[in-house]
Structure formats: C-alpha cells, structure tokens
Amino acid sequence: MNRRHTSTDTESPVRSQPLPWELPGAHWMGEEELALVEKVVRARSPFRYYGLDLQHMADRLEKKFAQRHGRKYALGVNSGTAGLHIALAALGVGPGDEVLLPGYLWVSCISAIVRLGAIPRLVDIDDTFCMSPEDLSRKIGPHSKVVMLIHMSGAPGRVQEIVRLCRQHKLALLEDCAQANGASFRGRPVGTFGDIAVFSFQLNKNMSSGEGGMIICDREDLYKRCFAIHDLGYARNEAGRLDFRNERYQMWGVGSRMSELTAAMALAQLNKRDRIVRAMRSAKWAIRRQLEKIPQLGFRTILDPEGDSGPFLITIYPDRATCQAFTDALRAEGIRGPEGSYACLTMEEWGLHWYFNNLSLVNRRGFTPNGWPWTDPANAFAQSYTYGRGTLPTCDDLASRSALLTIASCLTRQDIRDIVTAFRKVADRIWGR
Ligand SMILES: *Cc1c(COP(=O)(O)O)cnc(C)c1O
C-alpha cells in the first residue's frame, strides 16, 4: 500500500480546494458554441421553421443526432420533461393505462404519466440501480401499456431482459436517456433498444444547451405524432407553415419546439459529447478500480463498463449509519464541490430521484382540481397501488445505504488521486486495516 496516501495525520484534510462542479457539458463550452450561436444571432433567425435567413441549426442537430444513434427520426424539443410527455402521448397513453417505471427515477418521469391521465406503476430496481426485470415481470398486468426504462446515473441496467419482456407482453418500450446520453450497452447506444427514446440537454446532463431535449424513433407515424404534439397539434409543410388537412395529425400541441439558439449550442456540444463522456468514464473507472481494493466497500453493478457514460460513482455501505459517517468524513477530507453543488452525498440526500420523496405521487395529487387522473373511473384498477416508502424493498434498502460521488468532466490526475486517498483514509479510520 502506498504510505503517502495513508497519512496518519487526521488533522489536515486531503484537500482544501473544492472539486469542480458536476455539470459535464459546461466545462467544455467555448468558441464552438459561440460561433454557432453567433451565426443564428447575426442571421436574426432564432425560430426554426422560418425567418430572415434561416441557419437550420435544429435540422442539422436532429440529423446528426439520429445518425449517431442509427435511428430514422429525431425531434428537438425544449426539455426532456416535455419529451417524455410527448413520447407517451404519441404512444397513445391515457386513462385506463398504466406505465411501468423504476422507483429510482426523476420527477419528470412520473409527471409525464400523470398529466396524460394514466397511472404510474412502480417497479423495483436491482443491483444495477435500474429497473429489475424480475419485478417488472411480476408487475405487468392487464392495464400495462408502456415500460419506461430509465438509464439512471449514467449507465443502463439489464436492458436485454427488459426488451425481451416487452416483446413477450407486447408492451411499448420508452427509454429515458436523460442521464445517459452517450452511454451504450455491449456496443449499442442507449436510445436504440425500444420504440422511442428521450434525451435531455439540461445543464446537469452529459451534453447541454442549458435546456433542451431530443426524441428519437424509427417509426414514421410515431415521429409525425410527436411532431404535431410538440408543436401546435398539426403537421408543417416544406415552408414551415402549419398543414391542417392531414386528418391523422389533427391533435393538440404542447408548445415545446426547440429554438435555433438552443439547437446551435446543442450542435456544438454534440460534437464534443463522446469526448466529454470518455473523460468522465476514464476518470470514474480509474477511481473505482482503486477503491475496489477496499473490501468493505460495495459498488453499483455496471454490466458493461465500456458503455458507462461515467458521471457518477455509486458506492454501497453495510448500513445507513456507516454510509452517513463515511460520506461526512469524505466531505471533511475536502471531497466536496463548490457551495451549492452536489459532489459527494448520500442517496438519502438525492431528493426527487427516489419515488418516496415525490410527495405529489405519494399523496396522489391530481393534475386538475377534481383529482384527475386518480379519480377517473377508467383508473379504478389502481386503487390498491401504493407509492410511499415501503413499496419497493430494494429501492428502500439501496437508498438508505449508498452514496454518490459526481465525476466532473474536467477532473485532473491530482483530483483523482485526492479522491482515492480520501476514500482510503476514511476506510482505514472506519474499518481499520
Ligand atoms: C433530467 C431528467 C429528465 C428531464 O429533463 P429536463 O430536460 O430537465 O426536463 C427526465 N428524466 C431523467 C431521468 C432526468 O434525469
């Protein structure tokens, strides 16, 4: 063991400077983003469908995004949250349907379901921190319509088993790739396993334009439904004008178009995405390989480390008290981010990522004043469903005794050394040598 890393001097913390912010794309923003945004501004054409001198940034972004994923269609939207709503609406989700989703999630995944009048059906996770295929097969029922597979914290879980179950039960599969843009599973990019997939370009995601998102799919009809819904409820013609005549696409729109400014930034970031992801992945696995030598420390199961996009390292402890003490001690050693950031935290502190912290779900708040969709007669089947802590045992267990370290996309070798040193120092103190 390297003595230098196991100093007995507990008075001086391993580092005094905060670790960098966890915002992956932000650290890589620069001239390329500026140049493309400037083009849009100079052309005075920030709207994507027509303008004084249209630069076609959104078109270019969609084309490239679809190509990168080997998908026929891509549609830029103004957020991942909107993308989930649009994708579910395009799949025809409504009252009388349930959408199955894992209990480690983001609030947007639930709200998209509820706003459409459908019922969220919680599925437990497994050691991958993603949906458990076993629990999924237990939960599938006569009202199940869509499986929302969320690739949480940078990496997918047991994708192939989930795909198989969806085929077997004729369920649509929606992939939420918001936290795993650029990740893959055994060589195949996330977003290509199901019927439709949604990405987010919000500031915390692997590439970012501040806000924004993308929907990808292969089926023309699904794409055209998404298109109408994301806009004003109708198709558009070549000139970018609404086309009301096509009866298949007389729908209702949610006003979630992508602006040319957003698209310009996202286009510059897409060109850097794989480099950003490589930087996080290599830093994360350099750290993890060292920490795996600490016998008492557990880790999230990552089935394909090559496909991990790397923004988070999840560690698992024997119990809640040790998890909290370890995390507190790491922070005291300087393993923390700047004020207001989340660099090193217990999963208990991870807010709306856990189903039981979503109080609007736990308390079945309605989207309308009359309590809809919970009060819709078509949803009577869901009366016995519960949403409070205790509903999903593995989620509850892992939430109580695991911790999360964000891996910035600009970590230096020294940062990586400090993180490993601090973990070793704390482990020695808590577990002895
Ligand atoms: C961020 C996120 C979203 C929502 O994306 P926004 O662009 O912030 O609306 C959806 N799902 C997951 C899993 C996310 O992490």
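Predicted model: local features only at pLDDT ≥ 70, side-chain atom pairs only at ≥ 80, totals over all residues.
Good morning, colleagues. Let me begin with helix 2, residues 57-68, and helix 8, residues 260-291. Their axes lie 8 Å apart, and the angle between them is about 30 degrees. Since angles under 35 degrees count as roughly parallel, helix 2 is therefore roughly parallel to helix 8. The crossing of the two is left-handed. On the helix 2 side, the contact involves Met57, Ala58, Arg60, Leu61, Lys64, Phe65 and Arg68. Helix 8 contributes Glu260, Ala263, Ala264, Ala266, Leu267, Leu270, Asn271, Arg273 and Asp274. By class, this contact comprises 9 nonpolar, 1 polar and 6 charged residues.

I turn now to the second pair. Helix 3, residues 80-90, packs with helix 7, residues 220-230, at an angle of about 130 degrees, the axes being 9 Å apart. That angle makes helix 3 oblique to helix 7. Here the crossing is right-handed. Ile86, Ala87, Ala89 and Ala90 of helix 3 meet Leu222, Arg225, Cys226, Ile229 and His230 of helix 7. This contact of helix 3 with helix 7 has 7 nonpolar residues, 1 polar and 1 charged.

Finally, the ligand. Which residues are the closest to the ligand? They are Gly80, Thr81, Asp176, Ser200 and Lys205, from a surrounding set of 15 residues. Gly80 places a polar backbone atom 2.8 Å from a ligand oxygen atom. Ser200 has a side-chain N or O atom 2.6 Å from an oxygen atom of the ligand. For Lys205, an N or O atom of the side chain likewise lies 2.6 Å from a ligand oxygen atom. Thank you for your attention.

Technical notes
Residues numbered from 1 in each chain as written. Heavy atoms only, no water. Axes fitted to C-alpha atoms, helices over the stretch in contact; angles between N-to-C directions. Helix = DSSP H or I, 4+ residues; strand = E, 2+ residues; numbered from the N terminus. Parallel < 35°, antiparallel > 145°, perpendicular 65-115°, else oblique. Left-handed = near helix turned anticlockwise from the far one by under 90°. Contact = heavy atoms within 4.5 Å. Nonpolar A, V, L, I, M, F, W, Y, C, P; charged D, E, K, R; others polar. Near = heavy atom within 4 Å. Polar contact = N/O pair within 3.5 Å; in protein donor to acceptor, adjacent residues only side chain to side chain.
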